[in-house]
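Good morning. I will go through one structure, part by part. Please have the sequence and the model open.

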Amino acid sequence: MIYLDNAATTKPCKEAIEAAEEAFINFANPSSLHRLGLEAEKMVLSARKAVAALCGCADSEIYFTSGGTESNNTVIRGIKAPKKKNHLITTKIEHPSVKEPFEIMKESGFRVDYIGVDEDGTINLDELYDKLDSETALVSVMHVNNETGTVQPIDKISKLIKQRTAGAFFHVDAVQSYGKIPFLPEKLGVDFASFSAHKINGIKGIGALYAKSAKILPWAAGGGQQKGIRSGTENVPGIAAFGAAAKFHLNNNASEIARLRGLFLKNIEENIPNVRYNGSRVDFSPYILNVSFLGIKAEILLHALESRGIYVSTGSACSSNKPMPSPTLVAMGRTKEEINGAVRFSFDDTLTENDVNEAVAALCDEVAKIRQVMR
Amino acid sequence: MKEIILVKYGEIILKGGNRPVFERALMKNIKNALQNIADIKMDIAQATIYIETEPDRMDAVCDRLEKVFGIVSVTRACVCEKDIESIKSAAISYLSGVMEKGTSFKVEAKRSDKKFPLDSIKIAQEVGGAIDDNIEGLEVDVHNPDVLVRVEVRDAAAYVYSTLNKRAGRCGMPTGTGGKATLLLSGGIDSPVSGYMIAKRGVEINAVNFFSYPYTSDRAKEKVIELARILSEYTSKINLFIVPFTDIQLKIRDKCPFEHMTLIMRRFMMRIAEIVAKKTSSAALITGESVGQVASQTLAALNVTNYVCSMPVLRPVIGMDKNEIVNIAREIGTFETSILPYEDCCTVFTPKHPTTNPKLDVIEKSERVLDVDELIKEAVAGIEKIEIYPE
């Protein structure tokens with residue numbers, strides 16, 4: 001099996017599974033006053049430390065949530081904007097868990113601007129500069145695009161925001177970068193960031209929110225856990241696994257994966273005619289590669305590769321069973337044919353050169369076969 | 001107070017000497033349908049099937065019986081001794097509580113045990129009077145009552161029930177009494193409805209599905225399995241035959257005119273379905289075709305696809321509009337599954353401008369470049385059989 005769908009989810013690492021198991025066995029509520037509760041609380045504290053260390057922030061700035069979707073919603077829908085600030089900015093290439101909350105904010109009376117991208121998928125900074133004004137309350141830009149791997153210039157965006165408007169918050173959906181490429185919110189001037197554990201070999205149902213200040217209204221009222229920002233008994237097994245996965249990712253293999261990604265793309269471009277690379281050739285995540293194979297339907301290629309034990313994705317996993325084209329590729333100005341033929345290959349640190357060679361060989365075969373049918 | 005379920009069946013009663021065959025089939029089907037639902041005791045007398053079960057399983061049993069073909073109505077009734085005082089007191093205690101204030105009612109009685117001292121009219125009068133005297137706030141209305149209370153004095157006992165406790169059955173004929181047929185089951189809306197309609201006439205159903213991996217996916221296959229499972233709730237077990245069809249499609253795409261693709265594909269499907277039908281002792285094929293719905297369903301196209309098989313091809317939705325078919329699909333519970341979007345990619349084999357008025361000799365000529373027998377042999381050899389049971 002060659003699993004190339006790591007942007008959808010990764011295989012939990014051994015350490016994460018063991019940590020979760022330990023937390024299932026030592027099952028107490030971390031809020032309980034007795035000794036067993038203390039043990040559970042220690043697991044949460046230690047995991048929080050590991051999660052914070054992976055992005056160079058303070059433990060106190062990490063809140064555990066159920067995942068990326070919840071973190072994004074918590075910030076966007078819960079932002080405490082001063083009265084006169086009713087303007088929000090995001091981009092045209094965000095994940096649905098960012099895009100949809102902004103739609104809701106728009107319905108409730110906020111002005112929302114969506115910044116476009118160039119053909120590499122990098123957001124248009126001039127457009128952002130123009131849209132920022134004194135009423136801007138929140139800007140949300142993803143770090144690594146989940147479909148193409150293009151990296152947004154978070155530092156430049158952060159500076160622009162500070163330069164143009166006082167007191168606007170900056171949120172970054174860092175689900176595809178956290179633990180994979182350097183993301184240091186403190187240094188970048190980011191106020192809020194969203195992380196997900198299962199994208200870094202943790203388990204599903206757990207994620208985190210980085211929040212520099214607590215200027216958000218919690219969506220759930222309850223027992224006041226996690227300083228009231230996220231009430232509810234902590235998901236201790238998920239948290240423990242997240243902590244273990246974060247430790248596991250302190251030393252990752254990004255430079256080797258970058259080399260293999262380069263090889264993957266080079267082999268495709270040299271051996272398969274009529275392909276188009278989707279993304280930036282300068283600022284990209286080594287873990288995601290998106291290529292359009294013209295003249296085919298990507299879903300057929302996906303199943304053809306699956307029959308050879310190679311697992312890939314078309315667009316993003318969350319939208320691939322809806323018959324709508326990828327918004328990211330649309331924003332990048334890709335044609336319908338290019339969008340229909342777009343396949344995402346996403347990697348983790350276990351990728352080998354053999355995997356790359358085998359996958360490209362299979363691609364050559366299957367693309368040729370499908371093109372014969374779809375001529 | 002003891003309750004019992006009375007199952008009435010319709011058309012079977014009209015059968016002459018064969019009637020016991022049909023009754024036995026219905027009882028067997030009921031027994032099968034209920035085997036995972038409840039422990040039951042079942043009896044048959046005077047064109048009624050009597051089912052006894054634990055009080056807390058009564059609802060579940062009635063729900064399940066609603067899906068058994070051959071049943072006209074399912075009624076919960078109170079059982080009592082065959083004397084008028086017992087009947088009266090049973091009627092009062094059974095009906096007080098269920099009949100709300102202001103409800104109008106009428107009592108009808110039937111006396112199949114002619115030795116019972118009162119005749120039907122007298123029984124109705126006595127019981128009606130007792131209810132009126134003892135349950136407050138009811139009105140008698142012999143012309144247009146809200147609730148009809150029935151008393152049946154039969155050989156074994158007397159039964160009291162009201163129309164409030166009576167549910168309509170599916171009607172039709174007991175599964176298995178009408179022979180066997182093979183359904184061409186796609187993932188769409190029409191074919192499951194067609195299968196249901198023929199199954200309702202007592203016909204046992206097999207299903208054949210043509211699988212075009214990687215042009216359709218495992219999810220498309222799961223969808224077909226789920227559709228067969230929904231149908232199996234009405235028919236009990238269904239054997240589903242999954243035919244690997246990609247190679248045939250690729251060969252047709254490669255060698256035949258693209259505008260004939262759909263018709264030649266359909267001809268292969270009919271041939272393979274007929275082979276499966278013969279192997280499984282089916283006497284007919286069933287399809288979901290409806291005149292004019294798509295290019296391959298014009299009369300000329302039907303002639304071309306029908307020509308390759310000798311068995312009768314049953315097309316129960318042939319004269320129905322799409323919305324009529326959809327209504328049945330919703331009613332039988334297949335619609336939501338049928339509209340799941342997992343077979344999009346098969347459209348690469350669908351020409352944009354298919355032939356709508358094909359000539360048989362032209363299609364036969366196009367097809368002649370293929371080794372039809374060999375292709376079919378390979379596909380049949382690769383058939384996967386899945387036995388599907390209701391949940």
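What area is buried between domain 1 of chain A and domain 2 of chain A? About 2100 Å², with carbon and sulfur atoms giving 50% of that area. Buried area here is the accessible area, taken with a 1.4 Å probe, that two parts lose on being put together, summed over both.

Before going on, some ground rules. This is a predicted model, in which local features need pLDDT of at least 70 and side-chain atom pairs count only at pLDDT 80 or more, while totals for chains, interfaces and linings use all residues. Residues are numbered from 1 along each chain as its sequence is written, chains are lettered from A and ligands numbered from 1 in the order in which they are written, and side-chain values use heavy atoms, with hydrogens and water left out.

Back to the two domains. Domain 1 of chain A covers 2-9 + 253-373, and domain 2 covers 14-248; such bounds come from an automatic or database domain assignment. The C-alpha centres of these two domains of chain A are 28 Å apart. At their interface, 29 residues of domain 1 are in contact with 24 residues of domain 2, where contact means heavy atoms within 4.5 Å.

What holds charge to charge there? The rule finds one salt bridge across this domain interface. A salt bridge is a side-chain nitrogen of Lys or Arg within 4 Å of a carboxyl oxygen of Asp or Glu. Glu119(A) forms a salt bridge with Arg276(A), and the closest N and O atoms are 3.2 Å apart.

On the domain 1 side of chain A, helix H9 (254-271), strand E10 (288-293) and helix H11 (327-331) each supply at least two of the residues that touch domain 2. Helices (H or I, at least four residues) and strands (E, at least two) are DSSP runs, numbered from the N terminus. H11(A) gives the largest share of that side, four residues.

Arg276(A) has another partner. Glu338(A) forms a salt bridge with Arg276(A), the closest N and O atoms being 3.2 Å apart. Since Glu338(A) is in helix H12 (residues 336-340) of chain A and Arg276(A) in strand E9 (residues 275-277) of chain A, the pair ties together parts that are 62 residues apart in sequence. Is Glu338(A) buried or exposed? At 10% relative accessibility, Glu338(A) counts as buried, whereas Arg276(A) is partly exposed, at 26%. Buried means under 20% relative accessible area, exposed over 50%, and partly exposed in between, with a 1.4 Å probe and protein chains only.

Now chain B. Glu233(B) forms a salt bridge with Arg229(B), with the closest N and O atoms 2.9 Å apart. These two residues are four residues apart in helix H6 (residues 218-235) of chain B, and are therefore separated by about one helical turn. Both Glu233(B) and Arg229(B) are buried. They also belong to a network of salt bridges that links Lys67(B), Glu226(B), Arg229(B), Glu233(B) and Glu391(B).

How do the chains meet? In this case 13 residues of chain A are in contact with 15 residues of chain B. The two chains bury about 1300 Å² between them, 58% of it on carbon and sulfur atoms. Between chain A and chain B the count is zero salt bridges, and five residue pairs are in polar contact, both at pLDDT 80 or more. Helix H10 (298-306) and helix H13 (353-373) of chain A each supply at least two residues of the side that touches chain B, and H10(A) gives the largest share, five residues.

Ser97(A) counts as buried, at 8% relative accessibility. What does the side chain of Ser97(A) make a polar contact with? One partner is the side chain of Asn72(A), at 3.0 Å, and another is the side chain of His95(A), at 2.8 Å.

How values were computed:
Polar contact = N/O pair within 3.5 Å; in protein donor to acceptor, adjacent residues only side chain to side chain.
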